[in-house]
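Okay, thanks for coming, everyone. Let me put my model up on the screen.

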Amino acid sequence: MIEGSFEGVEGVKIFTREWQPAGEARGVVVISHGLNAHSGLYAWAAQQFTSNGLAVYALDHRGRGRSEGERFFVKKFADWTQDLATFIDIVKARAPSLPVFLLGHSAGGVIACGYTLEHQDEITGLICEDFAYQIPAPDVALAILKGVSHVAPHAHVFKLKNEDFSPDPAVVAAMNADPLIANEAQPSETVAELVRAAELLKKSFGQITLPLLILHGTADKVTKPSGSREFYEKAGSSDKTLKLYEGHFHDLLADVGKQQVIADIQAWIDARVDTQPPRGRGER
């Protein structure tokens, strides 16, 4: 694993991790993490991808993990997507001839979708895991929260339970002991920006036309599988796949059945890597 960084929006230093296969890479996976997470939690998934010839790049979103910025706060949703765009440009410059697949988990999936709407020709495919499009909160509560964000944007008002991410006690214990997500609670403005982004995506799903893989656990208490179903039904892509994992929790790549999930993702990527014509340096 190689650590790095780049300058994000307004000069915020964004921390990154990179994993390379032993031989020549045949494709790239870029990971956009969600809440209660950071790039370091993807070491196992990265190991699986690299063992199959894929390079893996992951960033810590601003204010999270080892990146700079006010903890857990984002002023504008576009700051997230612009940081991701800068990162993917860096990745593509390092591997200009390789297909790039963007994997977003939960809120990271919302960020990945926001990026994709503006940069579909920059990547080969989009993978959304436990997409945070619909959350189990009443609409009135979300409306109140958006109002609070105008009055007290930095107030930490929303907290996720680590126990809802995985049924594996070891995973939960590791999350509870992780100093990078210790006592994580989301500021009202951060949640409001995610809610606004989800509302925009609802009107824009049809514009997403690149290859699309959507994954969701049916026992997810953090986000609703119905949101992933709606995304699948409304997406404009002719190449789209929805996989629901019965009894799985919010983080499929940390669940007790993660081996099957990673195998499904790998098989989906393999089918599209093999059909990609080689690109010359600088071609998009």
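I'll talk about a cavity and then a helix pair.

Quick housekeeping: this is a predicted model, with local features needing pLDDT of at least 70 and side-chain atom pairs counting only at pLDDT 80 or more, while totals for chains, interfaces and linings use all residues. Residues are numbered from 1 along each chain as its sequence is written, and side-chain values use heavy atoms, with hydrogens and water left out.

So, the cavity. By that I mean a set of points, on a 1 Å grid over the protein atoms alone, where a 1.4 Å probe fits but cannot get out.

Who lines it, meaning who has an atom within 4 Å of a point? We've got His 33, Gly 34, Leu 35, His 61, Arg 64, Trp 80, Ala 107, Gly 108 and Ile 111. The largest share, three residues, comes from helix α3, residues 107-119 (helices are DSSP runs of H or I, at least four residues, numbered from the N terminus).

Now, α3 also packs on helix α6, residues 188-202, at an angle of about 50°, with the axes 10 Å apart. Axes here are lines fitted to C-alpha atoms over the stretch in contact, and angles run from 0 to 180 degrees between N-to-C directions. The contact (heavy atoms within 4.5 Å) is made by Ala 107, Val 110, Cys 113, Gly 114 and Leu 117 of α3 with Leu 194, Ala 197 and Leu 201 of α6. Ala 107, then, is in the cavity lining and also in this contact.

Methods
On a 1 Å grid over the protein atoms alone, a cavity is a set of points where a 1.4 Å probe fits but cannot get out, and a pocket is an open set with protein on both sides within 12 Å along at least five of seven lines; lining residues have an atom within 4 Å of a point. Helices (H or I, at least four residues) and strands (E, at least two) are DSSP runs, numbered from the N terminus.
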